[in-house]
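Hi there,

Here is the structure I promised to pass on. Have a look at it first, and then read on for what turned up.

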Amino acid sequence: MKQPKVIFLDAVGTLFGIRGSVGDVYSQIAQEFGVETSPATLNQTFFQSFKASPPPVFPQAQEHDIPQREFAWWSRITQTTFEQAGVLHKFDDFSAFFSEVYIHFGTGDPWFVYPDVLKALNNWQNKGIELGILSNFDSRIYSVLQALELRDYFSSITISTQSGAAKPNQKIFAIALEKHNCIPEAAWHIGDSIKEDYEGAKAAGLRGVWLNRNQ
C-alpha cells in the first residue's frame, strides 16, 4: 500500500477520550453547585441531547464571533441534558455551572490519551507523513491538544466550527486537504465514527479508516 502524503485524525474517541464519562464529569461538577444526580442518567440524556442537536457549524459567523457561538451551542445541549434528567430547576445559577463545565473541558483534566496514539504518531512522523486534525470539535481543541502534549505533532487543525461544515460533509475534507496542498487520493482519514469519519472520508475521495475503540 502506497504511503499517504497526509494522515488526518479525528480527535475525541480517536486520539483521546473522556475519563469515565460525560455524565461522571457533569455529575461531579453539579455536586459543587449543590445538585445531586445520577451520572448514568446524565450520560444518557447528554447523548440524546447531543444527537438531537444540529451540527456545530456557523457559516455566517465572523471569526471573532465563533467562540461565543460555540459556547451557546454547548450551553443549549447541556441545559437540555439536565432538563431531561429532571434536575435543571435545582440549580440556583445554571449559567455559572455551565461556564465551569465549559472551561473544564478545555483543559487536559477530563481527557486521557489512548495508549496506542503516541507510538503511531511518532511512527508516521518518522516516515515523513504530514499529520492533521480533522474534527467536529470547537476551538477548545487547541488548548486540549496543548495540555495533552499532542499539539506539536500536527501541522494543520481543521474543525467544524471554524470551517462552516461538519463531517461527513465533503467541504470540511476539502478545506483540510487544501492546507496540505494534497489531492484526496493521497490522504487518509482515521476516526471512530463509521458515518462521519469512514464514510465521510470515502465520499470525499480519501482513504477512510474506521478505528473501533469499543472492542
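Predicted model: local features only at pLDDT ≥ 70, side-chain atom pairs only at ≥ 80, totals over all residues.

On the overall build, the protein contains nine helices and seven strands. Its C-alpha trace spans about 55 × 40 × 25 Å along the principal axes. The radius of gyration is 18 Å, which agrees with the value near 17 Å that a compact globule of 215 residues would have. Of those 215 residues, 48% are buried. Taking contacts between residues at least 6 apart in sequence, 68% join residues at least 24 apart.

You will find it in the loop between helix H7 (160-163) and helix H8 (170-179). Is lysine 167 buried or exposed? Its relative accessibility is 3%, so lysine 167 counts as buried, the cut-off being under 20%.

What does the side chain of lysine 167 meet there? A polar contact of 3.0 Å joins it to the side chain of aspartate 10, and one of its polar atoms lies 2.8 Å from the backbone oxygen of leucine 134. Beyond four places in sequence, the residues in contact with lysine 167 also include Ser135, Asn136, Phe173, His189 and Glu196.

Best wishes

Conventions: Residues numbered from 1 in each chain as written. Heavy atoms only, no water. Helix = DSSP H or I, 4+ residues; strand = E, 2+ residues; numbered from the N terminus. Buried < 20%, exposed > 50% of the residue type's maximum accessible area, 1.4 Å probe, protein only. Contact = heavy atoms within 4.5 Å. Polar contact = N/O pair within 3.5 Å; in protein donor to acceptor, adjacent residues only side chain to side chain. Rg over C-alpha atoms; globule rule 2.2 N^0.38 Å.
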